[in-house]
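Student: I have a model open and a few quick questions about it. Can you walk me through it?

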Amino acid sequence: MKKPYYIDFPQEHLEGQMHKYQCVYCKVETTAINGKLEGHLPTCEYRVKLEKVGYECDAKTASKAPVSADADDFD
Ligand SMILES: [Zn+2]
């Protein structure tokens, strides 16, 4: 189970930074998270919660998606 973007986590302003936001739980900037579940810390409550209900990190699928080695669509 995967979502294209993980952006439904609670966010808060970075202190003193008008246009920057961070995850309420792991305090990682939203620009660093970049809509990815693995952008959150492994201990992040949001990430843990989603992983628990079956959502996957991109990191797990990224390794089995090589750019050119897969010849499945070769015809
Ligand atoms: Zn987080």
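**Working through the model**

Student: Where is Asn 34 placed?
Tutor: Asn 34 is in the loop between H1 and helix H2 (45-52). Helices here are DSSP runs of H or I with at least four residues, strands are runs of E with at least two, and both are numbered from the N terminus. Residue numbers start from 1 along each chain as its sequence is written. The model is predicted, so local features need pLDDT of at least 70 and side-chain atom pairs count only at pLDDT 80 or more, while totals for chains, interfaces and linings use all residues.

Student: What is the phi of Asn 34?
Tutor: Near 55°, which is positive in a residue other than glycine.

Student: And why does Asn 34 count as partly exposed?
Tutor: Because Asn 34 has 13 C-beta neighbours inside 10 Å. A residue is buried with 20 or more other C-beta atoms within 10 Å of its own, exposed with 12 or fewer, and partly exposed in between, with C-beta atoms placed from the backbone.

Student: What about Lys 27, where is that found?
Tutor: In the loop between strand S2 (17-23) and helix H1 (30-33). Lys 27 also has a positive phi, near 65°, and is not a glycine. Lys 27 counts as exposed because there are 12 C-beta neighbours inside 10 Å. Between the C-alpha atoms of Lys 27 and Gln 11 there are 8.7 Å in space, with 16 residues in sequence.

Student: OK, back up. How many helices and strands does the protein have?
Tutor: Three helices and two strands. Along the sequence the pattern reads β-β-α-α-α.

Student: In what sense do S1 and S2 pair?
Tutor: Antiparallel, over four bridges. Pairing requires at least two DSSP bridges between two strands.

Student: Pro 10: buried or exposed?
Tutor: Exposed, because Pro 10 has 9 C-beta neighbours inside 10 Å. Pro 10 is in the segment before strand S1 (11-14). The C-alpha atoms of Pro 10 and Val 24 are 5.6 Å apart, for residues 14 apart in sequence.

Student: Which residues form the largest nonpolar core?
Tutor: Seven of them: Tyr 6, Phe 9, Cys 23, Ile 33, Leu 37, Cys 44 and Leu 50. Such a core is a set of buried Ala, Val, Leu, Ile, Met, Phe, Trp, Tyr and Cys residues joined through C-beta atoms within 7 Å. In soluble globular proteins, nonpolar side chains tend to be buried together.

Student: What does Leu 50 touch?
Tutor: Leu 37 and Tyr 55, leaving out residues up to four places away in sequence. A contact means C-beta atoms, placed from the backbone, within 7 Å. Leu 50 lies in helix H2 and counts as buried because it has 20 C-beta neighbours inside 10 Å.

Student: What share of the protein is buried?
Tutor: Buried residues are 13% of the 75.

Terms used: Two residues are in contact if their C-beta atoms, placed from the backbone, lie within 7 Å.
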